[in-house]
Amino acid sequence: AEASPRAIYTDGTDSESALLACGTDGMLSAMITLEPASLPELLAKNAPYSRLEKASIMVGSAEATETKVRVIPAINAIEARSHNAAAKVFNAAIKGELLKVSVKHAGDIETLLPAPNAAFKAFARTCKESREAGPES
């Protein structure tokens, strides 16, 4: 059987890292570090506190989307739980365009995500299939 990953992340440490996850309904969420970091290391840390902040997310020169994100100070990362916001991160990777995130009281990120690889494509397929299947009855 083919792998059907529900999460995928960039594994570099020389630029901001991003993680994309999709729920059983195929809806996306994303996490982005505010500085170069290794996501697996950060995710292993205890980060109990987070706060909601306004943010704008932009891919390339397209219009920015205003959204709310969770800022997680202990690991210096933000989490976008809205599908539309996370979809921007997803699209930035697919298009190979600059992802810009500006977060109130937390800072700005500009990062180029790695080109989609086999794992990314499997992840995209899993999410798409979950969305098309609709809510489980």
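**Confidence, sheet, helices and disulfide**

Q: In which element of the chain is confidence lowest, and in which is it highest?
A: This is a predicted model, and within the chain the lowest confidence falls in helix H1 (residues 39–44), with a mean of 88. The mean pLDDT of the chain is 91, and 96% of its residues reach 70 or more. Confidence is highest, at 97, in strand E4 (residues 51–59).

Q: In what order do the 8 strands of the open sheet stand?
A: The strands are joined by antiparallel pairing into an open sheet. Strand E1 (7–9) and strand E8 (107–111) each have a single partner strand and stand at the edges, so one side of each lacks a neighbour in the sheet. From one strand to the next the twist averages 25°. Read across the sheet, the order is E1-E2-E3-E6-E5-E4-E7-E8.

Q: How many bridges pair strand E7 with E8?
A: Strand E7 covers residues 99–103, and its pairing with E8 is antiparallel. Within this part of the sheet, Leu99 stands opposite Thr111 in E8. The number of bridges between E7 and E8 is 5.

Q: Which residue of E6 is the bridge partner of Thr33?
A: Strand E3 (residues 28–36) runs antiparallel to E6 and is joined to it by 4 bridges, while strand E5 (residues 65–72) pairs with E6 in the antiparallel sense over 3 bridges. For Ile72, the bridge partner in E6 is Ala77. For Thr33, the bridge partner in E6 is likewise Ala77.

Q: Which residue in the turn between E5 and E6 has a positive phi?
A: E5 and E6 form a hairpin, and 4 residues lie between the two strands. In that turn, a positive phi of about 50° belongs to Asn76.

Q: At what angle do helix H2 and H3 pack?
A: Helix H2 (residues 83–95) and H3 have their axes 12 Å apart, and H2 passes H3 in a left-handed crossing. The contact is made by His83, Phe90, Ala93 and Ile94 of H2 together with Phe120, Phe123, Ala124 and Arg131 of H3. The packing angle is about 145°.

Q: How far apart are the sulfur atoms of Cys22 and Cys127?
A: A search of the whole structure finds 1 disulfide, and the link of Cys22 and Cys127 is left-handed, with -105° about the S-S bond. The pair links distant parts of the chain, with Cys22 in strand E2 (residues 16–22) and Cys127 in helix H3 (residues 118–133), 105 residues apart. Cys22 is buried at a relative accessible area of 5%, and Cys127 is buried at 2%. The distance between the two sulfur atoms is 2.5 Å.

How values were computed. Residues numbered from 1 in each chain as written. Predicted model: local features only at pLDDT ≥ 70, side-chain atom pairs only at ≥ 80, totals over all residues. Heavy atoms only, no water. Pairing = 2+ DSSP bridges. pLDDT = per-residue confidence, 0-100. Disulfide = S-S within 2.5 Å. Buried < 20%, exposed > 50% of the residue type's maximum accessible area, 1.4 Å probe, protein only. Axes fitted to C-alpha atoms, helices over the stretch in contact; angles between N-to-C directions. Left-handed = near helix turned anticlockwise from the far one by under 90°. Contact = heavy atoms within 4.5 Å.
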